Amino acid sequence: MIEHIHPGDIKDWAAKAQAHGRPLVLDVREPSELQHASIKPDAAYDLVAIPMGVIPPRLNELDPTRPVACMCHHGGRSMRVAQFLEYQGFKHVANISGGINAWSLQVDPTVPRY
């Protein structure tokens, strides 16, 4: 089952997920979106950006045993990627509800909203 986490709870999720390996935030937005607004890496998790459309051919870049929290603009695309990862056998998958938009509101107001 895919866990839904709010951006303000990312550090709590990462602390719990640490039991299964180093947590990863997977940003599935397009490169143009990343240029407009991005989060910063954190000591609690790694950050990787792979656009949703190229996840299937790049799946081998991701470790299916590692905890992964997917993020997009509002949470729709990231939920589809989370479901895909779960279907592919990933064991610890979460969706960041509200995406980068909610991140700006809950975690870092310097992240531009678009």
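A residue is called buried when its relative accessible area is under 20%. This structure is a predicted model. Is Val28 buried or exposed in it? Val28 has a relative accessible area of 0%. That value is under the cut-off of 20%, so Val28 is buried.

Val28 lies in the loop between β2 (24-27) and α2 (31-36). Which residues touch Val28, leaving aside neighbours within four places in sequence? The contacts are Ile50, Pro51, Met52, Ile55, Met71, Cys72, Arg77, Ser78 and Val81. Take Arg77 as an example. Arg77 and Val28 are 49 residues apart along the chain. Their C-alpha atoms are separated by 7.4 Å.

## The sheet

Now for the strands. In general, strands of a sheet pair through backbone hydrogen bonds, either parallel or antiparallel. Here, 5 strands form an open sheet, and the pairing is parallel. The order is β1-β5-β4-β2-β3. β1 (3-5) and β3 (46-49) stand at the edges. Each has a single partner strand, so one side of each is left without a neighbour in the sheet. From one strand to the next, the twist averages 25°.

Helix α4 (residues 76-87) packs on this sheet. The helix touches β1, β2, β4 and β5. Its direction makes about 175° with that of β5.

## Strand by strand

Start with β2. This strand runs parallel to β3, and 4 bridges join the two. Asp27 stands opposite Ala49 in β3. Together, β2, α2 and β3 make a right-handed β-α-β unit. β2 also runs parallel to β4, again with 4 bridges. There, Val25 has Ala69 in β4 as its bridge partner. Ala69 also stands opposite Ala94 in β5. β4 (residues 68-71) and β5 (residues 93-96) pair in the parallel sense over 3 bridges.

Where do the side chains of a strand go? In a regular strand they alternate between the two faces of the sheet. In β2, Leu24 and Leu26 point one way. Val25 and Asp27 point the other way. All four are buried.

How many residues of α5 are buried? The count is 6 of its 8 residues, so the helix is mostly covered. The buried ones are Gly99, Ile100, Asn101, Ala102, Trp103 and Ser104. What covers them includes α1 (10-17), β4 and β5.

Asp108 is found in the segment after α5 (99-106). Its relative accessible area is 16%. That is under 20%, so Asp108 is buried. Not counting residues up to four places away in sequence, Asp108 touches Lys40 and Trp103. Trp103 is one of the buried residues of α5. The side chains of Asp108 and Thr110 are joined by a polar contact of 2.5 Å.

## Arg66 in its loop

Arg66 sits in the loop between α3 (55-58) and β4.

Leaving aside neighbours within four places in sequence, Arg66 is in contact with His20, Arg22, Pro23, Leu24, Asp46 and His92. Leu24 is one of the buried residues of β2.

Terms used. Residues numbered from 1 in each chain as written. Predicted model: local features only at pLDDT ≥ 70, side-chain atom pairs only at ≥ 80, totals over all residues. Heavy atoms only, no water. Buried < 20%, exposed > 50% of the residue type's maximum accessible area, 1.4 Å probe, protein only. Polar contact = N/O pair within 3.5 Å; in protein donor to acceptor, adjacent residues only side chain to side chain. Contact = heavy atoms within 4.5 Å. Pairing = 2+ DSSP bridges. Axes fitted to C-alpha atoms, helices over the stretch in contact; angles between N-to-C directions. Right-handed = clockwise from strand over helix to strand, strands pointing away.
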